[in-house]
Amino acid sequence: MATTQEVRQAERYEPQVIEPKWQQIWEETGIYSNVQEDPTRPKWYHLVMFPYPSGNLHIGHWFSYAPADAAARYKRMRGYNVLFPFGFDAFGLPAENAAIKHGIHPRVWTMQNIAHMKKQLRSLGGMFDWSKEVITCLPEYYRWNQWFFLQFYKRGLAYRAKAPVWWCPTCQTVLANEQVIDGRCERCSSEVYRRDLEQWFLRITAYAEELLRFDGIDWPERVITMQRNWIGRSEGARIVFRSEQGDPIEVFTTRPDTLWGATFLVLAPEHPLVQKLTTPERRAEVEAYIDQARRRSDIERTSTEREKTGVFIGAYAINPVNEQRIPIWIADYVLMQYGTGAIMAVPAHDQRDFEFARAFGLPIVVVIQPRDRTLDPATMEEAYDGEGVMVNSGPFDGTPTEGGEAIRRVIAWLEERGVGRREVTYRLRDWLISRQRYWGTPIPIVYCDHCGIVPVPEDQLPVLLPEDAAFMPTGQSPLITHEAFVNTTCPQCGAPARRETDTMDTFVDSSWYWYRYLSPHENERPFDPDKVAYWTPVDQYTGGIEHAILHLLYSRFWTKALADLGLVNHREPFLRLFNHGVILGEDGEKMSKSRGNVVDPDDLVARLGADTVRLYLMFIGPWSQGGPWSSRGVAGVQRFLQRVWALVTETLDMPVDTAEDEQARALRRLVHRTIKQVTDDFETFSFNTAIARMMELVNELSRLRETTVVRMPVWREALETLVLLLAPGAPHLAEELWQRLGKPYSVHQQSWPAYDPALAAEETVELVIQVNGRVRDRLLVPAAIGEDEAVARARELERVQAYLAGKRIERVVYVPGRLVNFVVSDAAD
């Protein structure tokens with residue numbers, strides 16, 4: 001008859017059985033759902049960037065969510081009241097384009113994908129609170145997009161204006177800058193061009209100065225730098241040149257101290273004065289250049305790699321500081337939507353202007369001489385943009401430029417003469433939210449021939465997106481052809497009116513969704529203010545660096561606007577931000593179907609179990625960096641979990657009947673040191689090293705398994721600690737083993753193990769214990785142990801004593817931190 005021990009040894013680790021079992025128990029017991037406010041515990045709101053439901057979850061999603069889930073579980077075990085919600089960014093082009101490709105209505109496609117993705121997420125074993133779920137394409141959510149729009153409109157933060165957009169004549173649609181490649185549509189390769197359309201904007205520029213400040217938040221320096229560069233604050237002067245006909249041409253410059261070196265003006269091809277000032281003999285060439293410029297994206301036009309192009313329009317302007325007559329050119333590197341659409345060119349002191357002047361034979365005048373050499377325009381190989389002394393600058397000759405004194409004096413001089421003024425400008429432009437597509441939030445505006453632009457009254461929200469509208473792209477919003485939607489009555493006068501047919505940019509949906517998580521089914525307000533006061537701002541936000549500019553900048557703007565509306569009591573949405581890396585294919589390349597290196601998480605879970613996949617994604621490398629997928633690596637993690645399973649299940653019934661010895665004390669020190677190290681690693685999201693620490697502990701437990709330590713109290717302590725440490729990363733396995741250890745449900749409701757600082761701080765080393773050069777045992781000892789104590793502890797080991805019995809110790813060889821070797825001879829010798 002088989003013993004209990006033999007039965008346990010035969011039992012296999014079967015995640016395919018264990019994981020569905022515990023997922024069902026978690027759901028039935030509601031262990032993660034309906035998280036409520038609890039003033040007795042510190043709160044922790046952990047937010048992950050929610051996905052577009054345009055297809056199945058891929059391994060990259062798992063790399064975002066599995067470590068984040070482990071971090072949230074860890075915080076819960078540390079005693080925090082943790083909110084870890086989830087939802088779907090369900091409107092917008094990704095979902096709409098996928099629906100168009102598959103010939104299915106966007107709503108049907110989106111909701112089908114959401115259902116499948118939720119199934120995948122549950123297989124992950126995440127502690128998401130599904131009672132807080134948000135789906136942005138549902139009226140109960142987008143109604144509040146419309147409500148916020150109306151509040152912004154009342155405060156002047158939402159407005160309508162004409163703006164240029166990219167137009168593809170073949171696809172009959174507006175394109176984003178990123179969809180224009182070498183002047184052609186990325187979809188059909190047709191040449192594209194600019195069109196001016198009436199668009200709706202949000203006045204994010206009203207917050208430009210505040211958005212440059214990051215006080216009180218812990219964000220990666222890289223993201224902060226990217227946002228500051230995007231906002232692009234510049235201090236300088238706005239200066240008025242005039243055409244020979246008297247037309248004012250305003251330019252902005254950060255270096256007004258170089259004005260005397262301006263030898264030509266450059267206008268954006270779209271500048272309104274171009275048509276007026278171009279001379280008849282230059283018109284054909286100018287028109288051809290304008291047409292060419294319209295077909296290039298802003299990114300192409302401003303690239304420093306491109307050869308400079310431009311056309312002289314035949315007209316001249318007057319430099320206001322020296323009355324010099326200078327030519328006016330157009331060039332596509334000047335953009336109408338940035339600055340004034342005109343620049344003064346100072347080729348001696350700006351590299352872009354220098355290259356342009358050299359290309360077209362335009363004058364170069366040095367007006368800043370460095371102190372260590374003399375610049376000669378004829379021999380200069382590049383522009384000089386450093387400090388020095390002003391020259392060829394009339395009344396300012398000899399003025400030093402260091403410290404900005406020259407700039408301040410020149411601006412004061414310009415202001416006295418009424419030809420310039422001090423100004424701060426920003427690269428940031430207002431947020432264009434109009435989209436001529438179907439799958440988005442309808443903009444709650446009505447156009448009346450009598451009343452003009454009329455906002456939809458709040459009690460008539462939501463303006464529903466009709467489900468029976470055409471959704472194929474035509475260049476205009478498909479809603480234009482839906483008469484029942486378009487035709488309405490004016491809320492003010494009751495006359496026939498027309499609805500706005502543009503929909504909102506999907507970034508509107510993601511600019512406030514974490515507030516809606518708190519009360520996702522509120523009918524009378526966008527969110528519960530009491531819940532917002534308790535839970536927000538978000539304590540930890542995790543996601544990819546690709547959202548550094550748009551989403552994260554818009555979210556900060558939205559929060560500041562809500563604070564000014566009196567709806568929230570903070571001005572930053574996320575206290576901490578962590579950007580994780582990217583999972584690559586096994587070949588080290590970005591995963592793609594064309595490369596054949598895509599990893600299917602569903603297949604992996606079916607074969608290996610979710611815990612193995614989760615733990616491998618945490619172990620693959622630093623979470624901030626990511627790394628290539630490795631079949632060998634994931635197999636190694638699988639073996640590690642099998643070892644953990646065997647250690648616990650095959651020894652948990654061992655009687656505790658042996659007094660602890662030095663090996664036991666060394667193991668306890670290792671356990672406490674492991675707790676400290678894993679704790680420190682979890683605090684910094686260093687999951688890969690946390691798992692490595694646990695692997696070291698398992699290695700030592702495996703080595704000690706054949707010793708009497710398994711019959712000592714420390715063994716049980718070590719097993720229970722190991723299971724608790726594993727719980728955030730391998731939640732199903734930990735739950736099963738915790739139950740088998742006879743502990744109360746659930747392991748995820750237990751406290752994180754504490755460590756004794758004195759034990760944890762004591763670094764240990766493993767000494768090899770030899771007798772006559774042959775290894776007889778090993779001993780964990782403090783790294784700082786002295787020779788006498790090390791020898792004494794080695795002599796106490798039972799296996800060593802057996803080889804020393806009846807022998808005479810001739811000498812002892814001690815190598816600090818490495819070995820003790822007893823050189824012995826027979827006692828009779």
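Start by selecting His580: leaving aside neighbours within four places in sequence, this residue is in contact with Phe63, Ser64, Gly543, Gly544, Trp623 and Ser624, where contact means heavy atoms within 4.5 Å. Before you go on, note that this is a predicted model, in which local features need pLDDT of at least 70 and side-chain atom pairs count only at pLDDT 80 or more, while totals for chains, interfaces and linings use all residues. Residues are numbered from 1 along each chain as its sequence is written, and side-chain values use heavy atoms, with hydrogens and water left out.

Stay on His580 and show its side chain. A polar contact links it to the side chain of Ser64 at 2.8 Å; that term covers a pair of N or O atoms within 3.5 Å, and within protein one must be able to donate a hydrogen and the other to accept it, with residues adjacent in sequence counting only if both atoms are side-chain atoms. Is His580 buried or exposed? His580 is buried, at a relative accessible area of 10% (buried is under 20%, exposed over 50%, partly exposed in between, with a 1.4 Å probe and protein chains only). Colour by secondary structure and you'll find His580 in strand 27, residues 577–580; helices (H or I, at least four residues) and strands (E, at least two) are DSSP runs, numbered from the N terminus.

Next, pick Ile59, Trp431, Trp558, Leu667 and Phe682, the residues with the most contacts inside the largest nonpolar core, which has 181 residues. Such a core is a set of buried Ala, Val, Leu, Ile, Met, Phe, Trp, Tyr and Cys residues joined through side-chain atoms within 4.5 Å. Helix 3 (residues 59–77) gives the largest share of this core, 11 residues. Zoom in on Leu667: not counting residues up to four places away in sequence, its partners include Leu697, Leu701, Val714 and Trp715.

Select the four strands in the order 31-30-33-32: they form an open sheet with mixed pairing (two strands pair if DSSP finds at least two bridges between them). At the edges, each pairing on one side only, are strand 31 (774–782) and strand 32 (807–815). Strand 32 runs antiparallel to strand 33 (residues 819–826), joined by eight bridges, and Val815 stands opposite Leu819 in strand 33.

Last stop: colour by pLDDT, the predictor's confidence in each residue, from 0 to 100. The protein chain averages 92, and 96% of the residues score at least 70. Residues 1–10 are below 50.
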